[in-house]
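This briefing covers one protein chain, grouped by topic. Please look over the sequence and the structure before reading on.

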Amino acid sequence: MAKRQGGNPATARLRCASRLSKSDRFVLWHAGRGGLNVLNYGVVLTHRIIPCLDVKAGRVVKGVNFVGLRDAGDPVAIAKQYDHQGADELVFLDITASHEDRDIMLDVVRQVAEQCFMPFTVGGGIRTIDDVTRLIQAGAEKVSINTAAVVNPEIIRQTARRFGRCATVVNIDPKRVPAAEFEARKGPRDQGTERPRREGDGRPYVFEVHTHGGRTPTGLEAVAWAKRVVELGAGEIVLTSMDADGTKDGYDLEITAAVAEAVDVPVVASGGCGSPEHIHQVLTRTRADAALAASIFHYGEYSIAQTKAYLAQRGVPVRQVA
């Protein structure tokens, strides 16, 4: 396996835990619940299992390949449920805020933050550093920036400078597109492109970054963009495969492995989870640090405890649920 460029994501996670130690809430979480187990004066890094709440019009929804959304419940009630079940973190994404050019629903963010103890990341509708500030003030520990990072990459640097790298998450939504189609779109913001990959029939393709809830192709190649956002100050990447999203056929191991190999910050695999085995695969076959899932938890197919027990039985270090 090729060596990562620039450092070790485990070291990055330790730096984050140290910097967040000013908050008693985070000291307690990162020392026990949030993935850092102190044993014999050493530290064992555990993989995080993270439910994701995709929210539209105040309701949790889930679809396939970013479309065909169906209702999954009330975000506050579902967040409390995951907190009680022992989820390591929660990701809250207002998936239409950027597309509809409106602010994120701060009232829902406040309610979730007030009623949940686990670390909480919020994204969607972020356009300026003032938006980031409002989300942090509403109770988010971290913010996830996607569309705004492409439109104005400087917001990544601004967020990292004001709130620290550990609070600065960039969400990247890649999709396989024909290489020729990608080359026609590639714009001046492109930071260099990985060599095109090839389908089984030999056709070349590129993992292109999309924004506005997956609606807008950007001309940015996913691995190159991941490297760039880390240079700008991102402390974590949530990588959501548009090809795998909602299919429940498993994570996209190819792009997850490529991004996780290329950067020195934690990578959260997202999109495609249909069973605990899929989480096992992505955490053992790639260098992903955490796995995000939605459908299998929202609809009660598997619980957090069942998932963690499955992983632990197969030698994957996770924080056990009491």
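The model is a predicted one. The chain contains 13 helices and 15 strands, and buried residues account for 55% of its 322 residues.

**Strand β9 and its partners**

- β9 spans residues 168–178. Eight of the eleven residues of β9 are buried, so the strand is largely enclosed by the rest of the structure.
- β8 also runs parallel to β9, with three bridges between them. In this pairing Ser-144 stands opposite Val-169 of β9.
- Strand β11, residues 204–211, pairs with β9 in the antiparallel sense over six bridges. Here Lys-175 has Glu-208 of β11 as its bridge partner.

**Salt bridges**

- The count of salt bridges comes to 14.
- One of them joins the side chains of Lys-142 and Glu-236, at 3.2 Å from N to O. Lys-142 belongs to β8 (residues 142–145) and Glu-236 to β13 (residues 236–240), so this pair ties together parts that are 94 residues apart in sequence.
- Arg-176 and Asp-243 form another salt bridge through their side chains, at 3.4 Å from N to O. This pair links distant parts of the chain, 67 residues apart: Arg-176 is in β9, and Asp-243 is in the loop between β13 and α10.
- Arg-176 is partly exposed, with a relative accessible area of 24%; Asp-243 is partly exposed as well, at 28%.
- The side chains of Arg-287 and Glu-261 meet in a salt bridge at 3.7 Å, N to O. Arg-287 sits in the loop between α11 (276–285) and β15 (290–293), Glu-261 sits in helix α10, and the two are 26 residues apart.
- Arg-287 counts as partly exposed at 27% relative accessibility, whereas Glu-261 counts as buried at 17%.

**Nonpolar cores**

- The largest nonpolar core holds 72 residues, and Tyr-82, Ile-237 and Leu-283 have the most contacts inside it. The element that gives the most to this core is α9, with seven residues.
- A second, separate core has nine residues, among them Ile-50, Val-169, Val-268 and Leu-292.
- Tyr-82 lies in helix α3, residues 75–85. Its relative accessibility is 1%, and Tyr-82 therefore counts as buried.
- Leaving out residues up to four places away in sequence, Tyr-82 touches Pro-51, Leu-53, Ala-87, Leu-90, Met-118, Ala-294, Phe-297, His-298 and Ile-304.
- Tyr-82 and Phe-297 are 215 residues apart along the chain, and their C-alpha atoms are separated by 8.7 Å.
- With the same exclusion of residues up to four places away, Leu-283 touches His-47, Ile-49, Ala-288, Asp-289, Ala-290, Ala-291, Leu-311 and Val-316.

**Helix α9**

- α9 runs over residues 222–232 and is mostly covered, with eight of its eleven residues buried. The buried residues are Ala-222, Val-223, Ala-224, Trp-225, Ala-226, Val-229, Val-230 and Leu-232.
- The N-terminal end of α9 is capped by Glu-221, which has a side-chain oxygen 3.2 Å from the backbone nitrogen of Val-223.
- Gly-233 follows α9 and has a positive phi, near 130 degrees.

- Of the contacts between residues at least 6 apart in sequence, 69% join residues at least 24 apart.
- The chain exposes about 13,400 Å², and carbon and sulfur atoms supply 49% of that area.

Technical notes:
Residues numbered from 1 in each chain as written. Predicted model: local features only at pLDDT ≥ 70, side-chain atom pairs only at ≥ 80, totals over all residues. Heavy atoms only, no water. Helix = DSSP H or I, 4+ residues; strand = E, 2+ residues; numbered from the N terminus. Buried < 20%, exposed > 50% of the residue type's maximum accessible area, 1.4 Å probe, protein only. Contact = heavy atoms within 4.5 Å. Areas by Shrake-Rupley, 256 points an atom, 1.4 Å probe, with all protein chains shown as cover. Polar contact = N/O pair within 3.5 Å; in protein donor to acceptor, adjacent residues only side chain to side chain. Salt bridge = Lys/Arg side-chain N within 4 Å of Asp/Glu carboxyl O. Core = buried A, V, L, I, M, F, W, Y, C linked by side-chain atoms within 4.5 Å. Pairing = 2+ DSSP bridges.
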